[in-house]
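Hi,

Here is the structure I said I would pass on. Have a look at it first, and then read my notes below.

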Amino acid sequence: MKSVETSGLTVRLNGFEALSNVTLSLNHPTFTAIIGPNGAGKTILLKTILGLLKPQSGYIRVMGLDPTKEPKRVRSMVGYVPQRDRTSFFVPMKTKDVVMMSRLVWKRPPRWATEYDENVVKKVLRIVGAEDLADRRFDELSGGQQQKVLIARAIVSEPKLLLLDEPFNGVDVRSQYEITNLITSLKESGVSIVMVTHDVSDVINLIDNIVILYKRVIAAGRPEDVLKEDILKSVYGDRIRICSYEPCLMFIPRDSHG
Amino acid sequence: MVDLLSPFLIKAYVAVLLMAATSIIGSVAVLRGVAYMPAEAAHAALGGAALGILLGYVANLTVNPYLVAAIFASITTLFAGYVGRKGGPEAIASALAGALTLGVSVYAFVRYVLPAQLRVILDGYLVGDILLLGDSDIVTLSILTMACMVIFAIFYNEIIYVCFDPEGAEAMGMNASFYDFIIFFLIGLAGSVATKTVGTLIVYALVIAPAITAKELSRSVNGMLRLTVIITLVAGYGGLALSIIFNMPSSGSIAIFASAIYVGTMLAKKLVQKQ
């Protein structure tokens with residue numbers, strides 16, 4: 001079983017080719033990191049996996065389903081953690097309501113929460129270590145806390161595939177460690193993880209695959225096969241440095257944000 | 001001595017209740033990040049009302065100008081929402097600016113054509129006349145307010161989710177575009193309700209000021225909605241009392257009251273934060 005499989009996938013956005021001839025095959029369950037410079041099409045790939053963007057050509061299957069034809073079924077199996085800054089700070093939502101969102105969207109309007117839903121939300125908040133934040137306003141939480149809550153929202157519907165878009169952006173070291181542990185335990189419970197990131201240092205020893213994307217797949221495979229200086233320099237130019245400190249491999253792009 | 005139970009005042013009391021209900025949609029506009037939209041919709045409604053009155057005058061048709069106003073305002077906000085999906089917040093602002101200009105131009109042209117007795121009716125949409133609402137106005141306003149509230153109640157969760165995280169909501173299987181259009185439609189209806197009750201010029205003060213004030217003081221979305229209703233009621237009835245006591249224009253008094261609550265809240269909050 002493949003979690004994500006693409007072949008010759010091309011996506012155009014506003015007249016520009018955002019992804020070109022992308023071919024990928026990710027086993028289920030695996031932990032895959034997607035890296036690449038800004039504008040490489042990493043988020044576009046996640047949105048195409050979700051069926052939010054339609055490819056111009058090529059083949060895509062997510063858990064065996066075509067997201068362009070069966071987007072609802074695909075989305076019912078996929079948890080998505082967007083970049084934190086995509087959420088609105090105009091809305092004073094409580095943390096538990098943010099997590100509940102993912103359970104209620106699958107019901108019919110007016111989508112009332114049952115006692116069972118509330119218990120599931122409590123349980124998931126406990127799993128991500130955010131139980132005591134349940135009644136706090138989401139916009140008042142720290143970056144790391146918000147990230148954990150968004151992960152809770154994504155996993156409360158028990159997905160088979162979890163997509164994370166730059167989960168470590170603006171998150172302190174301790175929270176990064178906690179989020180990494182959380183992702184690891186999810187993978188061990190049989191969930192496939194696809195994580196877009198600028199910095200793989202924290203998860204380098206946990207990931208099964210790494211994909212270097214720059215409109216097309218530059219390299220894909222096991223980290224030790226892909227994280228080669230010549231490959232990285234072909235994408236990032238001379239801005240990239242790789243430091244090895246056994247058993248860790250440090251991957252340091254100088255433009256780690258944006 | 002003013003008769004507090006005169007038919008004019010009783011209708012004004014009812015209109016304030018209706019305003020309080022539609023102020024919830026003002027909160028939605030704030031949550032969606034388009035706080036300016038109800039005011040722009042109100043200007044489009046002004047153009048619609050002018051056209052409705054003109055049709056009645058020229059073609060001798062029995063047209064309720066207020067219904068034409070509500071249709072104009074809703075089409076405007078839906079169109080702004082549509083272009084906004086293609087071009088972002090700047091496109092929404094541009095579309096609304098165009099609608100505002102069109103609405104005011106239609107108003108100016110129609111006002112020039114109409115005889116004096118109909119100009120007074122048209123000007124009522126510009127400056128508001130909560131004390132001069134007729135029985136049919138109250139019925140129409142009630143129907144439109146009820147429509148707003150029923151739609152809002154049915155799609156409450158969807159509306160809040162789309163305001164909070166449209167991308168995430170869509171990724172979870174919701175048709176975020178559809179619910180976004182529901183939000184814009186409701187804002188158009190609410191803007192037109194406010195146009196008839198307080199007038200185009202001060203819609204912003206009454207529809208948005210209570211919502212912004214409530215947002216500053218609330219810990220949750222439900223709390224914000226409840227507080228918005230309470231503030232609108234206080235501003236509405238407080239403004240009416242002001243206008244009776246000091247013989248001031250009622251709509252202006254209501255807007256002043258709403259704005260004063262906002263300014264007072266912000267000052268108090270700053271003082272508390274300093275301590």
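One thing before you start: this is a predicted model. Strand 8 (residues 209-214) and strand 9 (residues 216-221) of chain A pair antiparallel, with five bridges between them.

In chain A, six strands make an open sheet with mixed pairing, and the order is 5-6-7-3-8-9. Strand 5 (78-81) and strand 9 of chain A are the edges, each pairing on one side only. From one strand to the next, the twist averages 15 degrees. For a parallel pair, go to strand 6 (residues 161-165) and strand 7 (residues 192-196) of chain A, which are joined by five bridges. There, A:L161 stands opposite A:S192 of strand 7.

What lies across this sheet? Helix 1 (residues 42-50) of chain A lies across strands 3, 5, 6, 7 and 8 of chain A, and it runs at about 150 degrees to strand 6. The largest nonpolar core has 165 residues, and A:L163 and B:L206 touch the most other members of it. Leaving out residues up to four places away in sequence, A:L163 touches A:L46, A:I49, A:L50, A:V78, A:Y80, A:V81 and A:V194.

Then there is the contact between the chains: 28 residues of chain B meet 24 residues of chain A. On the chain B side, the elements giving two or more residues are helix 1 (7-32), helix 6 (135-154), helix 7 (156-164), helix 8 (166-171) and helix 11 (221-246) of chain B. Helix 7 of chain B gives the most, with seven residues. By type, the chain B side splits into 16 nonpolar, six polar and six charged residues.

Last stop: A:P110, in the loop between helix 3 (95-104) and helix 4 (115-127) of chain A. Is A:P110 buried or exposed? It counts as exposed, because it has 12 C-beta neighbours inside 10 Å and the cut-off for exposed is 12 or fewer. Even so, setting aside neighbours within four places in sequence, A:P110 is in contact with B:A153, B:I154, B:Y156 and B:N157.

Cheers

Conventions
Residues numbered from 1 in each chain as written. Chains lettered and ligands numbered in written order. Predicted model: local features only at pLDDT ≥ 70, side-chain atom pairs only at ≥ 80, totals over all residues. Contact = placed C-beta atoms within 7 Å. Helix = DSSP H or I, 4+ residues; strand = E, 2+ residues; numbered from the N terminus. Nonpolar A, V, L, I, M, F, W, Y, C, P; charged D, E, K, R; others polar. Pairing = 2+ DSSP bridges. Axes fitted to C-alpha atoms, helices over the stretch in contact; angles between N-to-C directions. Core = buried A, V, L, I, M, F, W, Y, C linked by C-beta atoms within 7 Å. Buried ≥ 20, exposed ≤ 12 C-beta atoms within 10 Å, placed from the backbone.
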